[in-house]
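Thank you all for coming.

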Amino acid sequence: MPRAFELVVGNERVVCDLLDAEAPRVSESFVRSLPVDSFSVHAKFAGDELIVMVPFFDDPENEIFWVKPGDVGYYPGRQTICIFYGPTEPFGQVSVFARARGEHLPLLRTWGQGILATGSLPVAIRMHDPSSPTSGEDALP
């Protein structure tokens with residue numbers, strides 16, 4: 001089973017699987033920076049993309065331009081991760097190092113709509129415990 005992390009907003013969470021084989025260095029730098037309390041904003045021009053500030057730097061790895069819904073990328077120059085949940089045209093290549101689980105894409109869309117209405121959302125990022133449930137309020141401590 002792949003290593004995974006969680007994006008937590010309130011009592012909801014999205015689980016993302018790390019792509020250790022495709023981006024081992026960025027994945028490891030990201031994991032070493034956890035847990036993180038941050039905030040998410042919405043990309044204004046690129047499309048359906050949530051952006052979260054992260055406290056690590058690393059060089060590009062596994063860079064692609066045409067992302068898919070669920071891809072999680074790292075922008076080294078901006079010290080952010082980007083969670084793509086729908087049609088998106090990034091402004092450049094992004095280091096894809098994780099993928100949100102497909103069943104959580106509707107929740108990412110809900111968060112995106114909330115951010116567009118309010119400006120930002122607090123988000124916590126932590127490693128995922130594979131023995132715990134992946135949805136529902138009872139899954140959170």
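Let me begin with a term: a residue is called buried when its relative accessible area is under 20%, exposed when that area is over 50%, and partly exposed in between, with a 1.4 Å probe and protein chains only. Please keep in mind that this is a predicted model, in which local features need pLDDT of at least 70 and side-chain atom pairs count only at pLDDT 80 or more, while totals for chains, interfaces and linings use all residues. Residues are numbered from 1 along each chain as its sequence is written, and side-chain values use heavy atoms, with hydrogens and water left out.

I will start with the aromatic rings. Rings of Phe, Tyr and Trp, the last by its six-membered ring, count as a pair if their centres lie within 6.5 Å, and the pair is stacked with planes under 30 degrees apart, edge-to-face over 60, and tilted for the rest. By that rule there are 6 aromatic pairs in the structure. One of them joins Phe5 and Phe97, which are stacked with 6.2 Å from centre to centre and 15° between the planes. Since Phe5 belongs to strand β1 (residues 4–9) and Phe97 to strand β8 (residues 94–100), this pair ties together parts that are 92 residues apart in sequence; strands here are DSSP runs of E with at least two residues, and helices are runs of H or I with at least four, numbered from the N terminus. Phe5 and Phe97 are both buried.

A second stacked pair is made by Phe56 and Tyr74, whose ring centres are 4.6 Å apart and whose planes meet at 20°. Here Phe56 sits in the loop between β4 (47–53) and β5 (63–64), whereas Tyr74 is in strand β6 (residues 71–75), 18 residues apart. Phe56 counts as buried because its relative accessibility is 6%, and Tyr74 is buried as well, at 0%. Phe5, Phe30, Phe56, Tyr74 and Phe97 together form one aromatic cluster.

Let me turn now to a histidine. His42 is part of strand β3 (residues 36–42), and with a relative accessible area of 10% it is buried. Its side chain makes a polar contact of 2.6 Å with the side chain of Tyr85, where a polar contact means a pair of N or O atoms within 3.5 Å; within protein, one must be able to donate a hydrogen and the other to accept it, and residues adjacent in sequence count only if both atoms are side-chain atoms.

What about the strands around β7? Strand β7 (residues 80–88) is mostly covered, with 8 of its 9 residues buried. Two strands are said to pair if DSSP finds at least two bridges between them, and β4 and β7 do so in the antiparallel sense over 6 bridges, with Gly47 opposite Thr88 in β7. In the hairpin of β6 and β7, with 4 residues between the strands, Gln79 has a positive phi near 50°.

That brings me to the cysteines. How many disulfides does the structure hold? There are 0, a disulfide being a pair of cysteine sulfur atoms within 2.5 Å. The sulfur of Cys16 is 12 Å from the closest cysteine sulfur, that of Cys82, which is too far for a bond. Cys16 is buried at 0% relative accessible area, and Cys82 is buried at 1%.
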